Amino acid sequence: YKGIMYNYSNGGMYIEADYAPRPERKMHITVENFPLNSSPQSYMAEIRWRRKLDANSAYAYGVGVRYF
């Protein structure tokens with residue numbers, strides 16, 4: 001599934017996507033065009049929360065993930 005990353009930190013990131021697994025699910029995330037590094041970055045993460053976005057958004061869900 002594709003989405004867009006809006007915020008990231010050492011501990012996790014916020015992404016928007018049309019698919020959002022339930023909280024506590026694990027997922028593999030690959031970030032292309034990362035601002036600090038031109039090569040793709042991969043992360044194993046846990047879904048912490050998800051929120052349905054309004055009709056004005058380009059994607060259906062906002063998702064908070066934590067790296068592990």
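Student: Which side chain meets that of Lys26 in a salt bridge, and what is the N to O distance?

Tutor: The side chain of Glu46 meets that of Lys26 in a salt bridge, at 3.6 Å from N to O. A salt bridge here is a side-chain nitrogen of Lys or Arg within 4 Å of a carboxyl oxygen of Asp or Glu. The model is predicted: local features need pLDDT of at least 70, side-chain atom pairs count only at pLDDT 80 or more, and totals for chains, interfaces and linings use all residues. Residues are numbered from 1 along each chain as its sequence is written, and side-chain values use heavy atoms, with hydrogens and water left out.

Because Glu46 lies in strand S4 and Lys26 in strand S3, the pair ties together parts that are 20 residues apart in sequence. Strands are DSSP runs (E, at least two residues), numbered from the N terminus. Glu46 is also the bridge partner of Lys26 in S4. S3 and S4 (residues 41–52) pair in the antiparallel sense over six bridges; pairing requires that DSSP find at least two bridges between two strands.

The structure holds three salt bridges. Arg48 forms one with Glu46, the closest N and O atoms being 3.6 Å apart. The side chains of Arg66 and Glu46 meet in another, at 2.5 Å from N to O. That pair links strand S5 (residues 61–67), which holds Arg66, to strand S4, which holds Glu46. Through shared partners, salt bridges join Lys26, Glu46, Arg48 and Arg66 into one network.

Glu46 is buried, with a relative accessible area of 9%, whereas Arg48 is partly exposed at 43% and Arg66 is partly exposed at 40%. Buried means under 20% relative accessible area, exposed over 50%, and partly exposed in between (1.4 Å probe, protein chains only).

How values were computed: Helices (H or I, at least four residues) and strands (E, at least two) are DSSP runs, numbered from the N terminus.
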